[in-house]
Amino acid sequence: MIIPLRTDSPLRTTPYMNWAIIAANVIVFVATLSNPRVTDPYALSARSPQLYQFFTYQFLHGGWMHLIGNMLFLYIFGNNVNDRLGNVGYLALYLAGGVFAGISYIVTSNGETGLVGASGSIATITGAYLVLLPRSNITIVYFFYLIGVTEIASIWFILGFFVYDIFLNFSARDNVGHTAHIGGTLFGALLCIVLLTTRLLPRDPFDVVALIQRWNRRRQYRDMVAGGYNPFEYTQPVRAGYFNAATPAPAPKVDPAANRILELRSTISQALSAHDLDLAAKQYVELKTFDPQQVLPKQQQLDVANHLASQRLYPQAAEAYELFLQQYPKADQIAQVELMLGLIYARYLNQPDRARSYLSRAAAKYHEGRELELAREELAKLPEGNI
């Protein structure tokens, strides 16, 4: 048995809606505990489903263990999704996912039993979590021959349960609505992919769409290098009348420091292609000792800066973000970088004036959402002073 305990993804705002949904499930269960049969008309009937049942069944449970298991998953995964979508968007996703999960169950059901439980809605939330936070880790406790605690990447945890549902749907004869879980997971994941690609949902450097785009850019880069392209090839400009077309330019004299810079940039690029962010960040820090003004390609610079921040190397992260703003002032991620710089200067580097400057600039670019709330909250905490 595997039970999730917590996720390492930080929250930026309080997930009020998720707590309200958990409370609603508990209240409904306790209210009907003395007479469980009173909920029968509100379960989703597989033979003759009523419209209201697609919503009411989501708040009914068949027992304490059913309720506790569902609420544990909702607590662990729902808080961060609520944080990303906001309260109204999260409630809409939860209810819509439950409806889609119910439809999936009815379409594939033999019509013998009704459906109760929040599992379909929660599967929608885990599917959304998979897309929005694929690189987070889940702490789990496992019970096999031994009892222990370990961490596992959320992407493998959620995909593991998804494959498990598919397997049980075809092999097990139980009263669990596995097709509701499958339908809910697919609905949550696909809907969030659409929201991210259409930018109806604010992008994040670590969402699954960003990871796919970076993988595709690295694939194209590797194909170019394999085809003979040398990104570090030196080209000597030819002055008019000095060399004719048949005369090659002389090989440049490169000092050891310049050679080392080229080696480090090449290693950083290869490390990022192999998803070895620790090595890339380490080599980037060394690169700065040779030339403090060295800037990587746009996405590489952002990836390294983000990883330095995640490793709590805040001075180096701030410097990397600053160079990103200087080199790529029209990048799509400018508001996010300014917000990160504001948080770093406010929380970790004790530079309130610089924090106020970046937080104000970030707040001016966001019109709504958790980023705007976060920027305003941090601005309110800063001491009075001049920018």
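## Close-up views of a predicted model

**View 1. D40 and R37 form a salt bridge whose closest N and O atoms are 3.0 Å apart.** Welcome to the tour; please keep in mind that every view here shows a predicted model. Side chains of opposite charge can pair when their charged atoms come close.

**View 2. T39 sits in the loop between helix 1 and helix 2.** Is T39 buried or exposed? T39 is buried, because its relative accessible area is 14% and the limit for buried is under 20%. If you set aside the neighbours within four places in sequence, the contacts of T39 are T32 and L60.

**View 3. V26, V30, L33, W64, M65 and I68 make a nonpolar surface patch of about 590 Å².** Helix 1 (16-31) and helix 3 (64-108) each supply at least two residues of the patch. Which helix gives the most to the nonpolar patch? That is helix 3, with three residues. L33, for its part, belongs to the loop between helix 1 and helix 2 (53-56). L33 has a relative accessibility of 39%, so this leucine counts as partly exposed.

**View 4. Within helix 8, E263 and R260 lie three residues apart, about one turn of the helix.** The two residues form a salt bridge, and their closest N and O atoms are 3.2 Å apart. Both are partly exposed: E263 has a relative accessible area of 45%, and R260 has a relative accessibility of 26%.

**View 5. Helix 13 holds both R356 and D353, three residues apart, or about one turn of the helix.** In this salt bridge, the closest N and O atoms of R356 and D353 are 3.4 Å apart. Why does R356 count as buried? Its relative accessibility is 10%, and buried means under 20%. D353, by contrast, counts as partly exposed at 38% relative accessibility. Elsewhere, salt bridges that share partners join R260, E263 and E286 into one network. The structure as a whole holds twelve salt bridges.

**View 6. The largest nonpolar core has 45 residues, and Y284, Y321, F324, L339 and L341 touch the most other members.** Which helices each supply at least two residues of this core? They are helix 8 (256-273), helix 9 (277-290), helix 10 (298-310), helix 11 (314-327), helix 12 (334-347), helix 13 (352-365) and helix 14 (370-381). There is also a second, separate core of 34 residues, and I21, I76, I140 and L196 are among its members.

**View 7. Y321 is in contact with L302, A305, N306, A309, V337, M340, L341 and I344, leaving aside its neighbours within four places in sequence.** This view follows one residue of the previous one. Y321 is among the residues that touch the most other members of the largest nonpolar core. L341, one of the contacts of Y321, is also among those residues.

Methods: Residues numbered from 1 in each chain as written. Predicted model: local features only at pLDDT ≥ 70, side-chain atom pairs only at ≥ 80, totals over all residues. Heavy atoms only, no water. Core = buried A, V, L, I, M, F, W, Y, C linked by side-chain atoms within 4.5 Å. Buried < 20%, exposed > 50% of the residue type's maximum accessible area, 1.4 Å probe, protein only. Helix = DSSP H or I, 4+ residues; strand = E, 2+ residues; numbered from the N terminus. Contact = heavy atoms within 4.5 Å. Patch = residues over 30% accessible without salt bridge, like charges linked within 9 Å, V, L, I, M, F, W, Y side chains within 5 Å. Areas by Shrake-Rupley, 256 points an atom, 1.4 Å probe, with all protein chains shown as cover. Salt bridge = Lys/Arg side-chain N within 4 Å of Asp/Glu carboxyl O.
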